[in-house]
Amino acid sequence: MTKTILITGATAGFGQAAAKRFAGGGWGVIGTGRRGDRLRALADELGDSFLPLEIDMRDFDAVATLADLSSPWGDIDLLLNNAGLAPPTTPLPDTDWERIGQVIDTNITGLVALTRALLPKLIARQGHIINLSSVAATYPYKGGAVYAGTKAFVRQFSLDLRCDLAGTGVRVTSVEPGMAEPEFTIVRTGGDTAASDKLYAGMNPMTGDDLADLFWWLANL
């Protein structure tokens, strides 16, 4: 392994596609996620180049332990903050508070906690941080208040973190995709595939592989 990437939310969508892309490119890949069965299946597919770690981004103590990985896995060159959730697209007064809290804890608090924990290693290796934001950070839509708000945070966090890290050699990139079709919408709607199909009807959305190729290009600039 020449380099190592840590990918949060590696069990589906962009994260899973990125794990396959980077492992195929000779990198060591640490993949985290809540669904252990999917992580194990990915480990069976990718072999020794993949380290599966069943971690929920809302478990901040567990997130902090990722900074304690020993070499070679601890020699992290790239952090891909990909894990994210969205509440249903119901108006804020009608959205369950527990679901709102899950989204904020995953998309904001967990991301910041992990990034902060790994910064000493990333600075030592002059590494790279890629944060997954969204066009929702800039363009509003009905029912997007909480999700879009978290992605606006990620976008601004990336910009200001870049300022904090100026001179260290660490790069910070905010990737802000538009319409894409991994499992995101199906999870958001509680498994409603008809709602997901309706959303993407008549269009050609981006795929997980499209984003994985973008992450790979950014990592190798």
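The chain folds into 8 helices and 6 strands in this predicted model. Read from the N terminus, its elements run β-α-β-α-β-α-β-α-β-α-β-α-α-α. The radius of gyration is 17 Å, close to the 17 Å that the globule rule gives for 221 residues, so the chain is as compact as a globular protein of that length.

**Overall dimensions and packing**
- The C-alpha trace spans about 45 × 40 × 30 Å along its principal axes.
- Of the 221 residues, 48% are buried.
- Take the contacts between residues at least 6 apart in sequence: 68% of them join residues at least 24 apart.
- The accessible surface comes to about 10600 Å². Carbon and sulfur atoms account for 53% of that surface.

**Strands β5 and β6**
- Strand β5 covers residues 128-132, and strand β6 covers residues 171-175.
- The two strands pair in the parallel sense, over 5 bridges.
- Histidine 128 stands opposite arginine 171 of β6.

**Asparagine 81**
- Asparagine 81 lies in strand β4, which covers residues 78-81.
- Its relative accessible area is 2%, so asparagine 81 counts as buried, the cut-off being under 20%.
- The side chain of asparagine 81 makes a polar contact of 2.8 Å with the side chain of asparagine 131.
- Leaving aside residues up to four places away in sequence, asparagine 81 touches Thr8, Leu111, Leu114, Thr115, Ile129, Ile130, Asn131 and Leu132.

Conventions. Residues are numbered from 1 along each chain as its sequence is written. This is a predicted model: local features need pLDDT of at least 70, side-chain atom pairs count only at pLDDT 80 or more; totals for chains, interfaces and linings use all residues. Side-chain values use heavy atoms; hydrogens and water are left out. Two strands pair if DSSP finds at least two bridges between them. Helices (H or I, at least four residues) and strands (E, at least two) are DSSP runs, numbered from the N terminus. Buried means under 20% relative accessible area, exposed over 50%, partly exposed in between (1.4 Å probe, protein chains only). A polar contact is a pair of N or O atoms within 3.5 Å; within protein, one must be able to donate a hydrogen and the other to accept it, and residues adjacent in sequence count only if both atoms are side-chain atoms. Contact means heavy atoms within 4.5 Å. The radius of gyration is taken over C-alpha atoms; the globule rule is 2.2 Å times the number of residues to the power 0.38. Accessible areas come from the Shrake-Rupley method with a 1.4 Å probe; for residues, only the protein chains shown count as cover.
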